[in-house]
Amino acid sequence: MGEYSRFIDWDKMDSTIQDQDAKELTSTEFQDLKQLARQGYWAKNHSLRAKVYHKLINDIPCRTVTPDAHVYRDIVVKIAGKRNSSSLPLPEFVDNSLVPTYCLNAEGIGAVRKIISCIASQFPDISFCPALPSVVALLLHYSRDEAECFEKVCRILACNDPSKHFIDQTFLAFESSCMTFGDLVNKYCQAAHKLMVAVSKDVLEVYSDWQRWLFGELPLVYVARVFDVFLVEGYKVLYRVALALLKFFHKVRVGQTMESDNVQQDIRAFVRDIAKSVSPEKLLEKAFAIRLFSRKEIQLLQMANEKALQQKGITVKQKRQNVHLAVHAENFKSEIVDVKKMRDIWSWIPERFALCQPLLLFTTSEHGCSLSRFYSHCEGHEPTLLLIKTTAQEVCGAYLSTDWNERKRGGSKLSFFGTGECFVFRLVPEVERYEWVIIRHPELAMTGPEQGNNSSHVSDPPSATSLPSDPSDRLSPFLSARHFNLPSKAASMFMAGGMECIIIGGGDGQALYIDADLNHGRTGHCNTFNNQPLCSESFQIAIIEVWGFKDTMSN
């Protein structure tokens, strides 16, 4: 196997990886590389893959001063000394991560620790990077010596292109990526998400494992295929593959008894043994079949989650209970839902608000059936959660992203407002979450004239024909209009309020109407929810509750 075999135990290596095919890269254009990477063009040729990695990593734009192979040779003796490499302590920023050995021999296993220690000395700004051991171990398979591997990893870490992102290097970036992954699961893997909510005590803790699935549990032949595409296409590929892993886990395990009482451990075991059920080709095929958000939309979602963490002072790893909220049974009391159902609802909301606890703002049993009091108690709070229980014991509700104070922008006229983060749900007789009209792409929205305010009169809601028919052409439901410079007609018209009634829904959605006396309601029917009504077409209200979101980090 020549110059790239020093650190490899070939008895462990996939026997199909041979260098007998004299392949060479025929093109270095992005679109060609993208197709070749996805097809596994260099996956069966060890030397070619090593050369391609060298080419792709060498082309990464980096800081002016980026440590290279010469630096490694200068510092390794001082840092590692003559100690046994396997006894070298790892830096704190790897957070006790797995150090996968993959198909490394004894020399390679020791080299991983030496390289990580040298990287720590050259990157004092890295504070949290649990993926690093896996990346070092992987690249060592495709490096001629330790110094070359060190240089490759340093170039990945030192990338200074703002449009590219490879490895999280701070707890803030890592934690917000976990929140973003949770949002994506909520959107694209709803069946798997429903299973996670049912079998785990803290679903967000399960999703915080997503990078470990890729950089720790996946066997070498799989993680190398992922890394092929990752170097060409960037961070979004990791989300795709992690979503595909969760989809396959759900498909294999649905209806089966979990192997343990810890779904986190079950998923790890499934990923480790993935070769029993899914080939690398099938995994990537599933990953790229997901009609995921654009890179820009994911970046905006990541930024929103980072901002939420920063506002709550969560920027470094805390030596305490997980920062995410499991609605506390001792502090929660509702006449409509129990703690279990509230936790189900909490699992649907955008991750950045799952950092908060529910705070009761209004209830008809205490504040009476007054629409003006409803508004006075809810104004100034964003977002809010509306719960309704009918006299027929049906329970439904809505997550409302926008302050009810926005209704005043329409003056005396009833007007719609709201954003694409809003959704409605039904809890009784069956649990179901429904997504509605979603914000359109910014580039499409900006083609229209700028509007003077952020509301749209009821007489001019967005029509069904004006919305993209393909859900992939709609923007993330987890982003609010304020993240973009959007004209009003591009925003989701979801909420409306006046002194005569409240309307939840609009456009192509089924609308929920609540009369001014807060005693009677009705629903408008359409095909948006597969002909499943939110509740009875006409109903009498037993009780209404509105919940706000209390910052768990505030005093």
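**Note on the predicted model: salt bridges, backbone geometry and cysteines**

1. At 25% relative accessibility, D515 counts as partly exposed. This value, like the others in this note, belongs to a predicted model. The side chain of D515 meets that of R522 in a salt bridge, with 3.3 Å from N to O. R522 also counts as partly exposed, at 39% relative accessibility.

2. Phi of L518 is near 55°, which is positive although the residue is not glycine. L518 has a relative accessibility of 2% and counts as buried, because buried denotes a value under 20%.

3. Y102 likewise has a positive phi, near 50°, and is a residue other than glycine. Y102 is placed in the loop between helix 3 (69-80) and helix 4 (106-122). With a relative accessible area of 13%, Y102 is buried.

4. One joins E382 and P383, with omega at about 0°; P383 belongs to the loop between helix 18 (371-378) and strand 2 (384-390). Another runs from V428 to P429, with omega near 15°. P429 is found in the loop between strand 5 (423-428) and strand 6 (432-435).

5. How many salt bridges does the count come to? The count comes to 21 salt bridges. Side chains of opposite charge can pair when their charged atoms come close. The pairs described in this note are examples.

6. The side chains of D209 and R268 form a salt bridge, at 2.6 Å from N to O. D209 lies in the loop between helix 9 (203-207) and helix 10 (210-217), while R268 lies in helix 13 (residues 263-272), so this pair ties together parts that are 59 residues apart in sequence. D209 counts as buried at 7% relative accessibility, and R268 is buried with a relative accessible area of 11%.

7. A further salt bridge links E148 with K152, whose closest N and O atoms are 3.2 Å apart. Both residues belong to helix 6 (residues 146-157), where they are four residues apart, about one turn of the helix. Are E148 and K152 buried or exposed? Both E148 and K152 are buried. The pair also takes part in a network of salt bridges that links E3, R144, E148 and K152.

8. V252 lies in helix 12 (residues 236-253) and is partly exposed, with a relative accessible area of 30%. Leaving aside residues up to four places away in sequence, V252 touches F270 and S277. The C-alpha atoms of V252 and F270 are separated by 9.2 Å, and these two residues are 18 residues apart along the chain.

9. On the cysteines, the structure holds zero disulfides. C159 is in no disulfide, and the nearest cysteine sulfur, that of C62, is 6.3 Å away. C369, another cysteine, is partly exposed, with a relative accessible area of 38%.

How values were computed
Residues are numbered from 1 along each chain as its sequence is written. This is a predicted model: local features need pLDDT of at least 70, side-chain atom pairs count only at pLDDT 80 or more; totals for chains, interfaces and linings use all residues. Side-chain values use heavy atoms; hydrogens and water are left out. A disulfide is a pair of cysteine sulfur atoms within 2.5 Å. Buried means under 20% relative accessible area, exposed over 50%, partly exposed in between (1.4 Å probe, protein chains only). Helices (H or I, at least four residues) and strands (E, at least two) are DSSP runs, numbered from the N terminus. Contact means heavy atoms within 4.5 Å. A salt bridge is a side-chain nitrogen of Lys or Arg within 4 Å of a carboxyl oxygen of Asp or Glu.
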